[in-house]
Amino acid sequence: MGFVDLCYRERRHRKLKQVEIKVKMDCEGCERRVRKSVQGMKGVTKVTVDPKQSKLTVEGFVQPNKVVRRVMHRTGKKAELWPYVPYEVVPHPYAPGAYDKKAPPGYVRNALADPLVAPLARASSFEVKYTSAFSDDNPNACTIM
């Protein structure tokens, strides 16, 4: 088995992916720099930039971690995989860790993926009622002196 066979086999197993990345963009220059950082990357077929949501969408035969590293290296900006999901997907969108003030409208942070926050995001309404009974954030909470 030669090198050509290995390359063909590897290419055959790759799948078309859509990678969404959160990158802060302040101006048109930032937007252009972020777009150009991934356009020349091998396997990229389409690049979409949404500066209002600070979102970069890359489609192609790419690995998400490599795209994030390339954006960080080429632009010098902090980049991470898109951490938000639609509001309807999370059972308790206002659980600590899920609600994010910086999230775009209609989105919350994907708390189910975070192992430290996931138990609160999955809690039933019965559990939430008892865990928030002594909370400082709850104005109707009980206080013990």
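The legends below describe close-up views of a predicted protein model.

In this predicted model, local features need pLDDT of at least 70 and side-chain atom pairs count only at pLDDT 80 or more, whereas totals for chains, interfaces and linings use all residues. Residues are numbered from 1 along each chain as its sequence is written, and side-chain values use heavy atoms, with hydrogens and water left out.

**Figure 1. The whole protein and its secondary structure.** The protein contains five helices and six strands; helices (H or I, at least four residues) and strands (E, at least two) are DSSP runs, numbered from the N terminus. Read from the N terminus, the order of the elements is α-β-α-β-β-α-β-β-β-α-α. Of its 145 residues, 31% are buried, a term that means under 20% relative accessible area, with exposed meaning over 50% and partly exposed in between (1.4 Å probe, protein chains only).

**Figure 2. Strand S3 and its two pairing partners.** Strand S3 covers residues 55-60 and is largely enclosed by the rest of the structure, because five of its six residues are buried. Strand S1 (residues 17-23) pairs with S3 in the antiparallel sense over six bridges; two strands pair if DSSP finds at least two bridges between them. Within S3, Glu 59 is the bridge partner of Gln 18. Strand S2 (residues 44-50) also pairs with S3 in the antiparallel sense, over six bridges, and Val 44 stands opposite Gly 60 of S3.

**Figure 3. The hairpin of S2 and S3.** Four residues lie between the two strands of this hairpin. Ser 54 takes a positive phi near 55 degrees here.

Figure 4. Trp 82 belongs to the loop between strand S4 (79-81) and strand S5 (84-86). This residue counts as buried because its relative accessible area is 11%. Apart from neighbours within four places in sequence, Trp 82 is in contact (heavy atoms within 4.5 Å) with Glu 20, Ile 21, Lys 22, Gln 53, Ser 54, Lys 55, Pro 104 and Tyr 107.

**Figure 5. Two distances from Trp 82.** A polar atom of the Trp 82 side chain lies 3.4 Å from the backbone oxygen of Tyr 84. The C-alpha atoms of Trp 82 and Asn 110 are separated by 9.2 Å, and these residues are 28 residues apart along the chain.

Methods: A polar contact is a pair of N or O atoms within 3.5 Å; within protein, one must be able to donate a hydrogen and the other to accept it, and residues adjacent in sequence count only if both atoms are side-chain atoms.
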